[in-house]
Amino acid sequence: MTTTYEEIAKDLAALKSPPNMPDYEALRASFSWDTVRAELDLPNGVVNLAHECVDRHAARNPAKTAMIWEGANGSVETYTFEDMRRESAKFASVLASLGVQRGERVFFLMDRVPELYFAVFGTLRRGAVICPLFSAFGPDPIAERINRAEGCVVVTSPALYPKIEAVRARTPSVRQVVVIGDRAGRRGPEGATLDYATLMAGAPEAPLEPTANEDWSVIHFTSGTTGLPKGGSHVHGAVLGHYATGKYVQDLQPGDVYWCTADPGWVTGTSYGMFAPWSNGVTSLIYEGGFSSAKWFELIQRHRVTVWYTAPTAIRLLMKAGLDIPRRFDLSSLRYTMSVGEPLNPEGVVWGLEAFGLPFHDNWWQTETGSIMIANYPALPIRPGSMGKPFPGVHPGIIDDHYREVTEPDVEGQLAVRVPWPSMMRAYWNDQERYDSRFKDDPDGGPRWYITGDRARRDADGYFWFVGRDDDVINTAGHLVGPFEVESVLIEHPAVAEAGVIGKPDPVAMEVVKAFVALNDGYAWSDQLRRELIGHARARLGPGVAPREIDCLDHLPKTRSGKIMRRLLKARELGLPEGDTSTLEED
Ligand code: ATP
Ligand code: MG
């Protein structure tokens, strides 16, 4: 274990409000998904995300604010649960009038505007399937995904429409394109597109389609960090996972103002930008703009955000921008902060403590798992660098190469999860073989394993520690080295803002550890700094694990969802083909 950070103890009495889960072990012992089901409102066996996230709150609490929207220009709009219900019910009838049938796929290529959220819930209410696309995608990845899932309608904006126009001839399944006009008054071209406002003006409110637990709801393409993105396909019943993790991991409570910074084109932006907060009936802040350190803290201050869910890349950028910035703002509304998407370096966990008195709580899940599987909780001490403990009701384990569970502590292996749980993907769209390859029998006769593709270890107290993605783990002179461990040590050094570590083929050691770093402002790259970093890493990790080589880059290649693409660092280092780069963030 490399972390130098002490466990962060929790004092429940000091929390601003008592957590929904005051005792982790007690809930783990008593948890049942049937109890969760009973807390939701499932009329006559109908399970529909729009009902759970919108209608049931509109019925009980119609005037409660569901969405606070702040535009990129600073204008603010608010919408109640009743507004969300009415607008989504109208959009459902728009889709019906366009002939969209239950189970058909509707794609979204949108920036964050309120109408996106109405249209998403309208689609779910119709019983059709939402397929989010990231707005920065170019035409090829857009066409690829639309064709893979045979989308029938695309919902987009005037600014993004040209990308759809560019692929119209190559996406024969698309029957209509609906353009949501922007606040500057721009519309889509007449003839080629349908105008959202015009369609909505005369639309009646449609009743909810009586979907069931196993009906399709969402197809999410994975981030493409390791290869070609896969269409992780989910069902309406997954809402049990969104609701329960929103309640116990995110600790969402009626008075909260919650902010998830993820883009709705990614799985976090839907599952935790829409489904978890709204199934819990809380107010959610949606900010149209992108990352900016000062702006983000200003948003927290202005809207009195209480619960904040963000990602390691953003946290590293906030760290890079310095402590002076958060200290200029009143952040006293914040009570709980979390991170997801990549391993969160221990440095990032404790930075939150320094910046606003709250540590970041890391949690782990994937597109395929549909909801959070392993987490740090308000009532559990944090071991910085650890992903935390299993969500009550799910059963992850460490398994060896024969799919046998490793029960001894601190042994590294593949991270797997016992099948089933409510939000588990039910398919990779149109790719049965690949889907089947992710599930394996337990040779000891236990429930089957879902193989995550990540490597991890579990300590004697049940905390899970991320080691690396299967493909990223380095084999050097017979040792397996996880890149995360090495990266975390490098970013402890004051000069280093970000680090990405790969295995470089070597005739003697099989692979040697090579690191790429990006520096904090005010530092310049030199041979001396390289030697200093290698010395620092050796002192902390030992010579077998410390990087043999370190190069400096302006910034590391990342996916648009903010994950370091180590496979690309490796391909570039070795002069190999870069593979699928559709999700690569532009330089
Ligand atoms: P692809 O599968 O297409 O390569 P991806 O795995 O990045 O892309 P996602 O489903 O968005 O697509 O990301 C899930 C992965 O992100 C996890 O398998 C894990 O590798 C990483 N991850 C997410 N959260 C954490 C975390 N808290 N700690 C460590 N890794 C995390
Ligand atoms: Mg993956």
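Which residue of β13 is the bridge partner of Y309? Before we get there, a word on the ground rules: this is a predicted model, in which local features need pLDDT of at least 70 and side-chain atom pairs count only at pLDDT 80 or more, while totals for chains, interfaces and linings use all residues. Residues are numbered from 1 along each chain as its sequence is written, chains are lettered from A and ligands numbered from 1 in the order in which they are written, and side-chain values use heavy atoms, with hydrogens and water left out.

The partner of Y309 in β13 is M338. Helices (H or I, at least four residues) and strands (E, at least two) are DSSP runs, numbered from the N terminus. Two strands pair if DSSP finds at least two bridges between them. On that basis, β12 (residues 307-310) and β13 (residues 336-340) pair in the parallel sense over four bridges. Turning to β10 (residues 257-260), this strand also pairs with β12 in the parallel sense, over three bridges, and here C260 stands opposite Y309.

Nine strands form an open sheet with mixed pairing, in the order β2-β1-β11-β10-β12-β13-β14-β15-β16. The edges are β2 (76-80) and β16 (389-390), each with a single partner strand, so one side of each has no neighbour in the sheet.

Back in β12, the side chains are worth a look. In a regular strand the side chains alternate between the two faces of the sheet. In β12, V307 and Y309 point one way and W308 and T310 the other way, and all are buried. Buried means under 20% relative accessible area, exposed means over 50%, and partly exposed lies in between (1.4 Å probe, protein chains only). Helix α14 (residues 346-356) lies across β12, β13 and β14 (360-364), running at about 150° to β14.

Next, the helices. Helix α5 (residues 114-126) and helix α10 (residues 267-279) pack at an angle of about 70°, with their axes 12 Å apart. The axes are lines fitted to C-alpha atoms, for helices over the stretch in contact, and angles run from 0 to 180 degrees between N-to-C directions. The two helices are therefore roughly perpendicular to each other; angles of 65 to 115 degrees get that name, those under 35 count as roughly parallel, those over 145 as roughly antiparallel, and the rest as oblique. On the α5 side the contact (heavy atoms within 4.5 Å) is made by Y117, V120, F121 and L124, and on the α10 side by M274, F275 and W278. These residues divide into seven nonpolar, no polar and no charged. Here Ala, Val, Leu, Ile, Met, Phe, Trp, Tyr, Cys and Pro count as nonpolar, Asp, Glu, Lys and Arg as charged, and the others, Gly among them, as polar. An α-helix has 3.6 residues a turn, so residues three or four places apart point the same way.

How many residues of α5 are buried? The count is 13 of the 13, so α5 is largely enclosed by the rest of the structure. The length of α5 can be checked too: at 1.5 Å a residue, its 13 residues should span 18 Å, and the end C-alpha atoms are 19 Å apart, which agrees. The expected span is 1.5 Å times one less than the number of residues. Just after α5, G127 takes a positive phi of about 85°.

The buried residues of α9 pack against α1, α2, α3 and α10. Two residues of α9, K247 and Y248, are buried and are also among the contacts of N20, which include D251, L252 and Q253 as well, leaving aside neighbours within four places in sequence. N20 sits in the segment before α1 (24-30) and, at 26% relative accessibility, counts as partly exposed. N20 and P378 are 358 residues apart in sequence and 8.8 Å apart in space, C-alpha to C-alpha.

Finally, some backbone details. N44 has a positive phi of about 50° although it is not a glycine; N44 lies in the loop between α2 (33-39) and α3 (49-60) and is exposed, with a relative accessible area of 81%. The peptide bond from V419 to P420 is cis, with omega near -5°, and P420 is in the loop between β18 (413-418) and β19 (427-428).
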